[in-house]
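Me: I have a model open in the viewer. Show me how to read its features, one at a time.

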Amino acid sequence: MLEKITNLAHEIIASEISDSSELEAFRLKYLSKKGIISELFDEFRNVPSELKREVGRKLNELKQNAQEKYNTYKGTIGAAEDRSGVNDLTRPAYPFPSGSRHPISIVRREIIDIFSRIGFVVSEGPEIEDDNHVFSKLNFAPEHPARDMQDTFYIYRNSVEDSNPDDILLRTHTSSVQVRVMEKQKPPIRTISPGRVFRNEAISARAHCIFHQIEGLYIDENVSFADLKQTLLYFARELYGKDIRIRLRPSYFPFTEPSAEMDVSCNLCGGKGCNVCKYTGWLEVLGCGMVHPNVLEACNIDSKKYTGFAFGMGIERAAMLKYQVNDLRLYFENDMRFLEQFRSAF
Ligand code: PHE
């Protein structure tokens with residue numbers, strides 16, 4: 001009996017299993033109820049009692065080894081056969097990382113969508129512009145500080161001392177696109193201009209030398225400040241939620257008169273006051289105003305017949321308020337841990 005067990009142990013070690021049918025044959029031969037090992041357990045009854053201890057131990061060991069061999073092969077053969085036919089080694093490993101939109105793109109699309117629902121169409125223009133479209137036609141006086149090298153990235157200046165309409169620079173706002181629209185189209189005009197803008201600023205949590213804007217322009221007969229206010233209220237409610245409140249504070253821009261800055265009630269504290277709104281309950285979101293008659297005239301639009309309003313906002317700022325992200329630099333660093341958090345947004 002002991003010899004039988006030893007031989008069988010060798011046989012089991014030596015037996016080759018290369019596919020699932022051989023594995024099944026192995027199971028039937030050694031491990032099934034009518035298999036060899038079961039038979040040996042039946043014979044065990046007849047083993048003289050003084051040998052029972054040793055034979056029993058060997059027999060259990062044999063059964064255990066056979067079962068282990070079976071289990072190991074079952075795992076590997078099963079997995080290999082599951083994969084047969086799809087052995088594409090160039091395939092990326094699971095799970096596939098799915099891309100997501102950048103938060104700036106999400107908010108840009110959302111703002112465009114909100115204004116397109118009330119008839120605004122998107123217009124685009126060059127990032128490398130001339131002084132004429134960025135400043136001169138927008139009623140900036142020749143000595144206006146925004147034209148200063150400290151604010152503007154110049155590519156070519158005709159004179160170091162004076163600004164010149166032909167100077168080439170990186171646009172500091174997308175109002176330049178609206179000048180191009182006014183030059184080409186006759187009112188009524190209803191357009192929004194999203195795009196990258198450039199300002200010579202030190203990078204900090206609140207400022208960057210490259211950022212994104214969306215500016216809007218509406219020109220027609222009898223356009224009033226009330227139209228501007230109602231349009232902005234509609235916009236704020238769509239973007240930040242229907243409970244948002246707005247307020248307009250007097251401000252100054254060369255290209256609008258009167259000019260205002262719009263604040264929205266702080267969406268973090270609901271207007272009660274917190275450290276994001278610096279305990280004022282309000283957050284500044286955009287600049288706006290009635291288009292200055294000089295701007296209309298510079299673009300050959302009759303300022304006696306037509307009036308219009310304009311507004312402009314930073315997309316980063318709008319996104320910061322929407323997502324309560326308070327460091328603007330995060331939008332430029334492409335840190336996956338930050339970007340992945342916007343996966344579910346549209
Ligand atoms: N162009 C202004 C800026 O860049 C924003 C603005 C647009 C203000 C239109 C008033 C009207 O800050």
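Me: Which residues of H7 are buried?

Reply: Buried means under 20% relative accessible area, with exposed over 50% and partly exposed in between (1.4 Å probe, protein chains only). In H7, the buried residues are Ser-175, Ser-176, Val-177, Gln-178, Val-179, Val-181 and Met-182. That is 7 of the 10 residues of the helix (residues 175-184), so H7 is largely enclosed by the rest of the structure. Helices (H or I, at least four residues) and strands (E, at least two) are DSSP runs, numbered from the N terminus.

Me: What covers the buried residues of H7?

Reply: Look for contact, meaning heavy atoms within 4.5 Å. The cover includes strands E2 (128-130), E5 (189-198) and E6 (210-220), plus helices H6 (131-134) and H9 (293-298).

Me: What are the ground rules here?

Reply: This is a predicted model: local features need pLDDT of at least 70, side-chain atom pairs count only at pLDDT 80 or more, and totals for chains, interfaces and linings use all residues. Residues are numbered from 1 along each chain as its sequence is written, and side-chain values use heavy atoms, with hydrogens and water left out.

Me: At what angle do H1 and H2 cross?

Reply: Axes are lines fitted to C-alpha atoms, for helices over the stretch in contact; angles run from 0 to 180 degrees between N-to-C directions. H1 (residues 2-14) and H2 (residues 20-31) cross at roughly 170°, and their axes come within 12 Å. That makes H1 roughly antiparallel to H2, a label for angles over 145 degrees. Leu-8, Glu-11 and Ile-12 of H1 meet Phe-26, Lys-29 and Tyr-30 of H2.

Me: Where is Gly-308, and is it buried or exposed?

Reply: Gly-308 is in strand E10 (residues 307-314). It counts as buried, because its relative accessibility is 1%. Beyond its neighbours within four places in sequence, Gly-308 is in contact with Tyr-218, Ile-219, Val-223, Gly-289, Met-290 and Val-291. Its C-alpha lies 9.4 Å from that of Thr-256, 52 residues apart along the chain.

Me: How many helices and strands does the protein have, and what is its radius of gyration?

Reply: There are 11 helices and 10 strands. The radius of gyration is taken over C-alpha atoms; the globule rule is 2.2 Å times the number of residues to the power 0.38. A compact globule of 346 residues would be near 20 Å, but this protein has 38 Å. The C-alpha trace spans about 120 × 50 × 35 Å along its principal axes.

Definitions and conventions. Angles under 35 degrees count as roughly parallel, over 145 as roughly antiparallel, 65 to 115 as roughly perpendicular and the rest as oblique.
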